[in-house]
Amino acid sequence: MPATIVLGAQWGDEGKGRVVDYFAESADYVVRFQGGNNAGHTIVVGEEKLALSLIPSGILYPECIPVIASGTVIDPKVLLDEMDMATERGLDPSAVKLSSNAHLIMPYHRKLDAAIERYLGKNQIGTTKKGIGPAYTDKYARFGIRVQDLFDEKIFREKVEAALEDKNKILPRVYNTLPMEADAIVDEYLEYAERLAPHVTDTSLLLWNAIQDDKAVLFEGAQGTLLDIDHGTYPFVTSSNPTAGGAVVGTGVGPKAIDDVVGVAKAYISRVGTGPFPTELFDEIGDAMIDLGGEYGTVTGRRRRCGWLDMLALRYAARVNSLTKLFLTKLDILSAFDSIKVAVGYRSPEGKFDEFPAQQSVLYHCEPVYEELPGWGEDITGVRRYDDLPKEARAYIEYVQEASGVDVGWVSVGPERSQLIELS
Ligand code: IMP
């Protein structure tokens, strides 16, 4: 595993936390490259659950260096609180590295995120309200504030004041909320700066050197392919690039340095927030997926929408990410169903589709065309070898491989670290 990207092949919540945890054991560096604390990774260690939103899962391994690269957006209070939580759990956050180029989520970003959602009413995106979209908006408008700005008080103050000149017109006049004070924000953030200082570095150089030294570097994607700002179901997406290209842009590591791209896909599919979802189920099967799969958001606690696996979407993820392997999670949840459906096409007023449509409107009107596979109807949570799986479960995995064009390398059959099957 010299340089491997692990990313979500669906709409997020594929179980990347446990997958990254699995790979992190043999990684020297684990790197977040996009997003911020909109992500939520729950890692089950023995009896304990550890929920991380910013610090890469590598923190669980003392030899592994967790890196938060330049493509991310950082809420410093959240990062510091997470470091404190890690310390309380007996972990050591002192090795966490933070890019000086990462952008800061400011209090007005959080306020704007909530206000914009409220304002959009029934058209809202269903964001996590963590300020992600407004922080990236400022980044691309070129008046974002970066981690490195925290270390020059004069520049930091000037940037906050300049930002507020703009935001304090928008907040009351457009969104009917109170304006914000520069002094309070500057004082609060300068306190964070002191604690963050030992972690801040040039992470692009750090990773370049690591790759030159043949270290194992794991790039940990947040969210998922279909939430990508460029390649997802826009506008119901996040504001960054969770696809493989995002790992390159968001770290400053060149594309030729990447050896493997592992796509994580649930054996069914889920999404939170609004937006089209062709295979969504509104019946007792969907409810069972939610209940058995514990499909509630790590960050917001929202009930996830669930449905059958969509091969058009998975093939699309394989294509836009150049996936080299698939990691199929939560296969055990499908044990509850007599037969299992898989979407192999869409039928819509615009015609028939056997590839994920480029035109977003199709996704709203289409009817999935399903193929039905027999279920296995038995508990597989104790299985550890591929050959010990019921033949119907093996047939399902083989079907997914064939239809996606990507080999399945691993299957998880439960949330514990050990509940995993490695395919040769
Ligand atoms: P934002 O990233 O908070 O701006 O939210 C934009 C969209 O991405 C919303 O539909 C969110 O529900 C979704 N989203 C953001 N982060 C995650 C995640 O980690 N898992 C699943 N969905 C997410």
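Arg195 and Asp84 pair in a salt bridge, with 2.8 Å between the closest N and O atoms. A salt bridge here is a side-chain nitrogen of Lys or Arg within 4 Å of a carboxyl oxygen of Asp or Glu. This is a predicted model, in which local features need pLDDT of at least 70 and side-chain atom pairs count only at pLDDT 80 or more, while totals for chains, interfaces and linings use all residues. Residues are numbered from 1 along each chain as its sequence is written, and side-chain values use heavy atoms, with hydrogens and water left out.

Let's start with the overall layout. The protein chain divides into domain 1 (3-89 + 203-422) and domain 2 (103-198), with bounds taken from an automatic or database domain assignment. Their C-alpha centres are 29 Å apart. Where the domains meet, 27 residues of domain 1 contact 20 residues of domain 2, contact meaning heavy atoms within 4.5 Å. Together the two domains bury about 2,000 Å², 60% of it on carbon and sulfur atoms; buried area is the accessible area (1.4 Å probe) that two parts lose on being put together, summed over both. Val73, Pro76 and Leu80 provide 28% of the area that domain 1 buries against domain 2, more than any other three residues. The interface also holds 2 salt bridges.

How many salt bridges does the whole structure have? The search finds 21. Here are two of the pairs.

| Salt bridge | N to O distance |
|---|---|
| Arg195 and Asp84 | 2.8 Å |
| Asp21 and Arg417 | 2.7 Å |

Helices (H or I, at least four residues) and strands (E, at least two) are DSSP runs, numbered from the N terminus.

On a 1 Å grid over the protein atoms alone, a cavity is a set of points where a 1.4 Å probe fits but cannot get out, and a pocket is an open set with protein on both sides within 12 Å along at least five of seven lines; lining residues have an atom within 4 Å of a point. Grid points are joined across faces, edges and corners, and a volume is the space filled by probe spheres set on the points.

The second largest pocket has a volume of about 210 Å³. Among its 17 lining residues, Tyr140, Asn241, Gly246, Val249 and Gly250 are the closest to its centre. Helices α4 (132-141) and α8 (244-249) each give two or more residues to this lining, and each of the two domains supplies at least three. By type, the lining has 4 nonpolar, 11 polar and 2 charged residues. Ala, Val, Leu, Ile, Met, Phe, Trp, Tyr, Cys and Pro count as nonpolar, Asp, Glu, Lys and Arg as charged, and the others, Gly among them, as polar.

There is 1 cavity of 30 Å³ or more. Residues lining the largest cavity include Arg32, His41 and Glu220.

Tyr234 and Pro235 are joined by a cis peptide bond, with omega about 5°. Lys129, in the loop between α3 (107-120) and α4, has a positive phi near 60°.
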